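Here is a short tour to read alongside the model. Keep the viewer open as you go.

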Amino acid sequence: MSLRRLLRPSFVALLGALVLAAATPAEGARRHVRLVKSSPVQDSVVAAPATVELWFSEKVELGVTRVRLSGVSGTTVATGPLKRADVADAPIVAAVLGPMAAGVYTVNWSTASKDGHPVRGAFEFTVRAASGR
């Protein structure tokens, strides 16, 4: 058997493996959970909210999900235990227990995809000053 004949199937197999390897990360990235929307909405200006609500691209487990609300000067604002209604597409809800003065607030969140891959993110919103009425 010639060397050329031996290398040809190997080359084809190698090329196929490279194509599959290149496709795998893109497919895996689509499967990782992501934040779809929130309330308050990112970069919005709102009255002090009673809750922070997060909607994800797939149902996430409450036990591995964390939400931290920090405010003016980086202080943590107290929130209640995370909850979710037992209905499809229900958000993760954190009741805001601490006071919120006017200013910029950051929501840091973390959770995991079904495959266990940790995912995290953050967004900001602004609490407007209470009206004097």
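The report below goes from the overall fold to the sheet, the loops and the pocket.

## Ground rules

This is a predicted model, so to speak of local features a pLDDT of at least 70 is needed, side-chain atom pairs count only at pLDDT 80 or more, and totals for chains, interfaces and linings use all residues. Residues are numbered from 1 along each chain as its sequence is written, and side-chain values use heavy atoms, with hydrogens and water left out.

## The chain as a whole

The protein chain has one helix and eight strands. Helices (H or I, at least four residues) and strands (E, at least two) are DSSP runs, numbered from the N terminus. Along the sequence, the pattern reads α-β-β-β-β-β-β-β-β.

The chain has 133 residues, and 29% of them count as buried. Here buried means under 20% relative accessible area, exposed means over 50%, and partly exposed lies in between (1.4 Å probe, protein chains only). The accessible surface comes to about 9100 Å², with 59% belonging to carbon and sulfur atoms; such areas come from the Shrake-Rupley method with a 1.4 Å probe, and for residues only the protein chains shown count as cover. Among the contacts with a separation of 6 or more, 54% are between residues 24 or more positions apart, where contact means heavy atoms within 4.5 Å.

Five strands form an open sheet in the order 2-8-7-4-5, with mixed pairing. Strand 2 (45-46) and strand 5 stand at the edges, each with a single partner strand, so one side of each has no neighbour in the sheet. Two strands are taken to pair if DSSP finds at least two bridges between them.

Strand 7 (residues 103-112) and strand 4 (residues 66-70) run antiparallel and are joined by five bridges. Strand 7 is mostly covered, with seven of its 10 residues buried. It also runs antiparallel to strand 8 (residues 118-127), this time through 10 bridges. On that side, tyrosine 105 stands opposite phenylalanine 125.

Which residues does leucine 69 pair with? In strand 7 its bridge partner is valine 107, and in strand 5 its bridge partner is valine 77. Strand 5 (residues 76-77) is joined to strand 4 by two bridges, again antiparallel.

## Turns and loops

Two hairpins are worth a look. The one made by strand 4 and strand 5 has five residues between the strands, and serine 73 takes a positive phi near 65° there. The hairpin of strand 7 and strand 8 also has five residues between its strands, and glycine 116 in the turn has a positive phi of about 90°.

Most residues other than glycine have a negative phi, and most peptide bonds are trans. The loop between strand 1 and strand 2 holds aspartate 43, whose phi is positive, near 65°. At 60% relative accessibility, aspartate 43 counts as exposed. Proline 40 lies in the loop between strand 1 (35-39) and strand 2, and a cis peptide bond, with omega about 0°, joins serine 39 to proline 40.

Proline 91, in the loop between strand 5 and strand 6 (92-95), counts as buried at 15% relative accessibility. Leaving aside neighbours within four places in sequence, proline 91 is in contact with Glu53, Leu54, Trp55, Lys83 and Arg84. Its C-alpha atom is 9.7 Å from that of valine 60, which is 31 residues away along the chain.

## The largest pocket

The largest pocket holds about 240 Å³ of space. Its lining has 16 residues, with Phe56, Glu58, Lys59, Asp89 and Ala90 nearest the centre. Strand 3 (residues 51-56) gives the largest share of the lining, three residues.

On a 1 Å grid over the protein atoms alone, a pocket is an open set of points where a 1.4 Å probe fits, with protein on both sides within 12 Å along at least five of seven lines; lining residues have an atom within 4 Å of a point. Grid points are joined across faces, edges and corners, and the volume is the space filled by probe spheres set on the points.
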